[in-house]
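Hi,

Here is the structure I promised to pass on.

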Amino acid sequence: NVGLRGLSVEDGGVMWKHDWDIGQMARVTQPLVVGNAVYLGTGYGNGTQRVNVSHQSDSWAVEESWIAALKPYFNDFVHHDGHLYGFDNEIFVSIDAETGERNWKRGRYGNGQVLLVAEMGLLLVISEKGKIVLLEASPDQHQELLSIEAVEGVTWNHPVIAGGVLLVRNDREMAAFRLASLNN
């Protein structure tokens with residue numbers, strides 16, 4: 001909860017660090033690394049921060065780029081074609097990954113999860129209430145392509161695609177959906 005640390009795989013030593021102490025608040029999302037940018041998401045009103053990390057000769061440089069209104073609690077966010085998609089509290093949002101400016105904020109899915117289906121340019125969202133929502137990964141607009149009920153009850157688990165099957169679950173039940181081939 002104090003920020004980011006870059007550790008050496010050889011000896012575990014700290015190579016670089018960026019402090020962003022949020023006190024007693026829990027920071028539970030995984031940092032997202034895209035090129036030399038690291039996106040650190042935090043709920044509880046703190047937002048998401050972009051940090052640029054670079055290496056020249058034998059030294060590391062870390063520079064804070066922006067803090068944006070993307071406040072994930074425990075739901076990760078994804079990067080696609082220069083934009084981030086994820087949850088700002090309980091509402092789905094798209095922001096420009098370079099500037100941190102919001103593209104749009106729509107879709108009340110509770111504290112759900114998102115999975116990027118990059119080869120199709122799609123976002124698969126599982127809502128907190130167990131609904132699967134398929135969105136176009138577009139910074140221009142929030143467009144739902146499909147919405148189906150999958151499981152009942154509070155659903156905080158990440159969806160998974162394996163072997164052409166979409167798996168969604170919560171603490172009481174699980175559902176599997178066979179997906180059409182990407183080659184069809």
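**Aromatic pairs**

Let me start with Trp-104, which counts as buried because its relative accessibility is 7%. Bear in mind throughout that this is a predicted model. Tyr-85 is buried as well, with a relative accessible area of 0%. The rings of Tyr-85 and Trp-104 have centres 6.3 Å apart and planes at 45°, so this pair is tilted. It links distant parts of the chain: Tyr-85 sits in strand E8 (residues 83-88) and Trp-104 in strand E10 (residues 102-108), 19 residues apart. These two also belong to a cluster, in which ring pairs link Tyr-85, Phe-87, Phe-92, Trp-104 and Tyr-109.

The structure holds five aromatic pairs. Another one of them is Tyr-39 with Trp-66, a tilted pair at 5.8 Å centre to centre and 40° between the planes. Here too, distant parts of the chain are linked, with Tyr-39 in strand E4 (residues 37-42) and Trp-66 in strand E6 (residues 59-68), 27 residues apart. Tyr-39 is buried at a relative accessible area of 2%, and Trp-66 is buried at 7%.

**Salt bridges**

How many salt bridges does a search of the whole structure find? The search turns up six. In one, Arg-5 pairs with Asp-19, and the closest N and O atoms are 3.0 Å apart. Arg-5 lies in strand E1 (residues 3-7) and Asp-19 in strand E2 (residues 14-19), so the bridge ties together parts that are 14 residues apart in sequence. Arg-5 itself is partly exposed, with a relative accessible area of 34%.

Then there is Asp-88 with Lys-71, whose side chains meet in a salt bridge of 2.6 Å, N to O. Asp-88 is in strand E8 and Lys-71 is in the loop between E6 and strand E7 (78-80), so parts 17 residues apart in sequence are tied together. Are these two buried or exposed? Both Asp-88 and Lys-71 are buried. Salt bridges that share partners also join Lys-71, Asp-88 and Lys-105 into one network.

For contrast, look at Arg-172 and Asp-171, where the side chains meet in a salt bridge of 3.8 Å, N to O. Both of those residues are exposed.

**Leucines to look at**

Leu-122 is in strand E12 (residues 122-126) and counts as buried, at 12% relative accessibility. Leaving aside residues up to four places away in sequence, Leu-122 touches Leu-115, Leu-116, Val-117, Leu-134, Leu-135, Glu-136, Ala-137 and Leu-145. Its C-alpha atom is separated by 24 Å from that of Glu-152, 30 residues apart along the chain.

Leu-145 turns up again on the surface, where Leu-145, Leu-146 and Ile-148 form a nonpolar patch with about 230 Å² of accessible area together. Leu-146 is found in strand E14 (residues 144-149) and is partly exposed, with a relative accessible area of 41%.

**The whole chain**

Stepping back, the secondary structure comes to zero helices and 17 strands. The radius of gyration is 18 Å, close to the 16 Å that the globule rule gives for 184 residues, so the chain is as compact as a globular protein of that length. Its C-alpha atoms fill a box of roughly 50 × 40 × 35 Å along the principal axes. Of the 184 residues, 45% count as buried. The accessible surface comes to about 10100 Å², and 47% of that belongs to carbon and sulfur atoms. Among contacts between residues at least 6 apart in sequence, 36% join residues at least 24 apart.

Cheers

Technical notes. Residues are numbered from 1 along each chain as its sequence is written. This is a predicted model: local features need pLDDT of at least 70, side-chain atom pairs count only at pLDDT 80 or more; totals for chains, interfaces and linings use all residues. Side-chain values use heavy atoms; hydrogens and water are left out. Patches are made of residues with over 30% relative accessible area and no salt bridge: like charges are joined within 9 Å, nonpolar side chains (Val, Leu, Ile, Met, Phe, Trp, Tyr) within 5 Å. Accessible areas come from the Shrake-Rupley method with a 1.4 Å probe; for residues, only the protein chains shown count as cover. A salt bridge is a side-chain nitrogen of Lys or Arg within 4 Å of a carboxyl oxygen of Asp or Glu. Helices (H or I, at least four residues) and strands (E, at least two) are DSSP runs, numbered from the N terminus. Buried means under 20% relative accessible area, exposed over 50%, partly exposed in between (1.4 Å probe, protein chains only). The radius of gyration is taken over C-alpha atoms; the globule rule is 2.2 Å times the number of residues to the power 0.38. Contact means heavy atoms within 4.5 Å. Rings of Phe, Tyr and Trp (its six-membered ring) pair if their centres lie within 6.5 Å; planes under 30 degrees apart count as stacked, over 60 as edge-to-face and the rest as tilted.
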